[in-house]
Amino acid sequence: MSKQAAEQNGQDNVINLQGMYEDYFLDYASYVILERAVPSIGDGLKPVQRRILHAMREMHDGRYHKVANIIGQTMQYHPHGDAAIGDALVNMGQKDLLIDPQGNWGDVRTGDSAAASRYIEARLTKFALDVAFNPQTTEWQLSYDGRKKEPIDLPMKFPMLLAQGADGIAVGLSTKVLPHNFVELIKASIKMLQGKRVKIYPDFQTGGLIDVSDYNDGKRGGRVKVRAPIEIVDKNTLAVRELPYGVTTQGLIDSILKANDKGKIKIKRVVDNTAEEVEILVELGNGVSPDLTMDALYAFTHCEISISPNACVIIEDKPHFISVQDILEQCTEQTKELLRQELEIRKGELQEKLHFASLEKIFIEQRIYRDIEECETWEEVLEAVEGGLRKYVRVPGEKAKKGDDRLLLMRDISEEDLVRLTEIKIKRISKYNSFKAEELMAKLEEELKQVQHNLDHLTDYAVAYFEELLKKHGKGRERRTKITTFESIDASDVVAANAKLYVNRKAGFIGTSLKKEEFVCDCSDIDDIIVFRKDGKFQVSRIDDKVFVGKDIVHVDVWKKGDDRTTYNMMYIDGKTGRTYAKRFNVKSITRDREYDMTTGEKNSKLLYFTANPNGEAEVVTVQLTPGSRARKKVFDFDFAELDIKGRGSKGNTVTKYPVRKVSLKEAGKSTLGAIKVWMDEVSGRLNTDERGLFLGDFDTGDQILAIYKEGSYEIADFDPNKKFAPKELVHIGKFDPDQVISAVYYEGERGWSVVKRFQIETSSTEQRFPFITEHKKSKLLFASVKPSPAIAYKIKDGSKKVDQELQIAEFIDVKGWRAVGNKVSDQRLTSVKEIEGKEQPAGKGGNADKLKAGDSIDFDVEGNGQTKMFD
């Protein structure tokens, strides 16, 4: 072959891949989207799920079938092998909605897989039979090999997509619809039919807590946070008894151990006691705060996860991104339409039955069958029967003549009707009972009338349908995941101090590996470190083994973003003018590893004095000028409290224009920022300054918190922004006042008395609970207040009567020691008490007990609000 011919032949064999790629890729992507990964809006199912249910319906006889057999039957419709079918079948069985499993089907909580398909069995649930199947309203198509018919969509009369949830990854898109609560979906559909607005939120089999603040109706861009509730068993043990959605016990344990290995948390060990119920115990070391560890578990482990929903469904053979609200609305309207179709079909069936029953009655009672005895051909027979019927009936559209009492039929007489009449056996004709026939026709007419009524009031009928579903299948399907709001946890606030910070001030190095240098503080491996230098510059860097930050370091510490309390006081010499300036500033935000100049930026500018004050303290310093300066007063005091706190780039105020020899501290100052307003989140119990929850008071340096608990104890706690309380255990929480008097009413279990006492806090230990009622197991706190003169209303049980009375507690008893038992009010347990407005009286005053005698019987009703609470 010549060279020219070879080149020509090569050109003829060139294939253009661009068009092939475009066509093939689109075909493949469309196939995966429509036939594999994304559910249909019609029935909420993916094709494999739909084919499994269809195969099971064809096999259904009320008994369990081997899963291997179900897989084999499904393969007639699904061309992708037994593995995909088996996995989908197990997944549906574990959701306990459409498939009733028997045998070892695995466990979504532990991640254990199901037994082999030959060992486990399944059948359709009664719920599936009620909502998913009706051949008369099903649209059909040929299966992949053309041998069988399969449904395009099952006629699903329930928002199954929202109940089961769905997730799948296709080519170029994905879907994630979170499961919702069965009962709430039905109630929402009812409200939607009634024209009311509804809101629905996810609910998970594994329980847990969910924050739906950013759910965004399940659309793209939304997010939910899910947590495992963590219970403090004792000071050294935490317990997890519910799991976040999609997290297994082993996955949770692995994440905890991984966080511990990295030093994020400090634990001794994790014990998995999961059996029928989930129980994971986390054992803490001595001195490790359970509250702080709980927050760290949420920050660094799978105890809290974030899920991004992305509701993508197939509508008319195209993927659409819609909200769960839209899905619910379409499913509800589809249910209503399917119910209408079923009613129309039933109406047609009843009309046919009534039509033929009428013809049959006339055919037999009027002995029309005798007219065919002399007919010789089949056509003559049909004509004879029809002619005989026409004498006694009239059809729609035929005008009635005067005195015409012929029976009006539902429709015209067809040849099929005539054939059916001729097929009636002699035995039936001979035993025909006119009374029973008329009774049957009356029932048919009554049912037909009811069907027509339902069609005329279709919305009410649909509401009744959903109510019946709820009554029949709703038991035991209540919400398992509690909806709440999570406080944000800053990882740097809760991470364990797993590193030590060292500094070489002269050489300018900081890090965790400089163990021979000066120790600064304990820190974590995710902290940022702020460094101030003698040349008037500072920078913030991420902690590492060894970092060069510049020579002559004057201050180094852990830096917290957004910290508006820590205030830096400094004096510096301006290198150009020689003047000395003073300034106060915060460092709230920075760019990491960037140098910032605190001086005017002139050459030879340098620091003279620098302090870091965690609560905005402002000290007094003594300034000494050089002996050769012209100033008359060479030593004077300067008070930083006279300066306002400004930005870090401000020049500052002039201290002196003369050369400064030395600046030294004269007097430590107090905070100039004022007290911090503190609230407690009533859900999480966390203290905060975001005005969220119950206001506790204004806290300054040294202020403490008083907490009174339902168990009959109190606790004094130092103010700590990371402190958490248990709101459900509290009677009172607020700022502690040493002169405050606590008034309490409690049942003394050993003696069987109801007792009143008033006392002041005498203990000095913090972070420890002190019981102020007797420790008998039957002793119970009934009422507690920190008001100066509280009063209660109660009822005395006198035989069968209850007499209303009141008690001024401050007048009944004086202030005694906190360990005192108190004065007896009644020799029986009080059962009802409520607080009323009391008389103003100085705390500690009292003595007049004439209004109530010891031994009187009292009932207390326990309720209240504000900072003083009463309870059962």
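The exercises below work through salt bridges, aromatic pairs and a charged surface patch in a predicted model.

Residues are numbered from 1 along each chain as its sequence is written, and side-chain values use heavy atoms, with hydrogens and water left out. Because the model is predicted, local features need pLDDT of at least 70 and side-chain atom pairs count only at pLDDT 80 or more, while totals for chains, interfaces and linings use all residues.

**Exercise 1. Describe the salt bridge between R50 and D153, and state which parts of the chain the pair ties together.**

Step 1. The criterion is a side-chain nitrogen of Lys or Arg within 4 Å of a carboxyl oxygen of Asp or Glu; the structure holds 38 salt bridges, and in one of them the side chains of R50 and D153 meet at 3.3 Å, N to O.

Step 2. R50 lies in helix α3 (residues 47-59) and D153 in strand β5 (residues 149-153), so the pair ties together parts that are 103 residues apart in sequence. Helices (H or I, at least four residues) and strands (E, at least two) are DSSP runs, numbered from the N terminus.

Step 3. For burial, the classes are buried under 20% relative accessible area, exposed over 50% and partly exposed in between (1.4 Å probe, protein chains only). R50, with a relative accessible area of 8%, is therefore buried, whereas D153 at 25% counts as partly exposed.

Step 4. The pair also belongs to a network of salt bridges that links D43, R50 and D153.

**Exercise 2. Carry out the analysis for the salt bridge between R479 and D203.**

Step 1. The side chains of R479 and D203 meet at 3.7 Å, N to O.

Step 2. R479 is partly exposed, with a relative accessible area of 24%, while D203, at 8% relative accessibility, counts as buried.

**Exercise 3. Classify the aromatic pairs F538 with Y596 and F759 with F772.**

Step 1. Rings of Phe, Tyr and Trp (its six-membered ring) pair if their centres lie within 6.5 Å; planes under 30 degrees apart count as stacked, over 60 as edge-to-face and the rest as tilted. The structure holds 24 aromatic pairs.

Step 2. F538 and Y596 lie 5.2 Å centre to centre with 20 degrees between the planes, and the pair is stacked. F538 is in strand β24 (residues 537-542) and Y596 in strand β29 (residues 596-597), so the pair ties together parts that are 58 residues apart in sequence. Both F538 and Y596 are buried.

Step 3. The ring centres of F759 and F772 are 5.1 Å apart and their planes stand at 40 degrees, so that pair is tilted. It links distant parts of the chain, with F759 in strand β43 (residues 753-760) and F772 in the loop between β44 (769-771) and β45 (780-785), 13 residues apart. F759 is buried at 0% relative accessible area, and F772 counts as buried at 2%.

**Exercise 4. Identify the residues of the negative surface patch, and the helix that gives the most to it.**

Step 1. Patches are made of residues with over 30% relative accessible area and no salt bridge, with like charges joined within 9 Å and nonpolar side chains (Val, Leu, Ile, Met, Phe, Trp, Tyr) within 5 Å.

Step 2. The negative patch is formed by E376, E379, E380, E383 and E415, and helix α12 (residues 378-390) gives the most, with 3 residues.

Step 3. E383 has its place in helix α12 and, at 56% relative accessibility, counts as exposed.

Definitions and conventions:
Areas by Shrake-Rupley, 256 points an atom, 1.4 Å probe, with all protein chains shown as cover. Lys, Arg positive; Asp, Glu negative; His and termini not counted. Charge placed at Lys NZ, Arg CZ, Asp CG, Glu CD.
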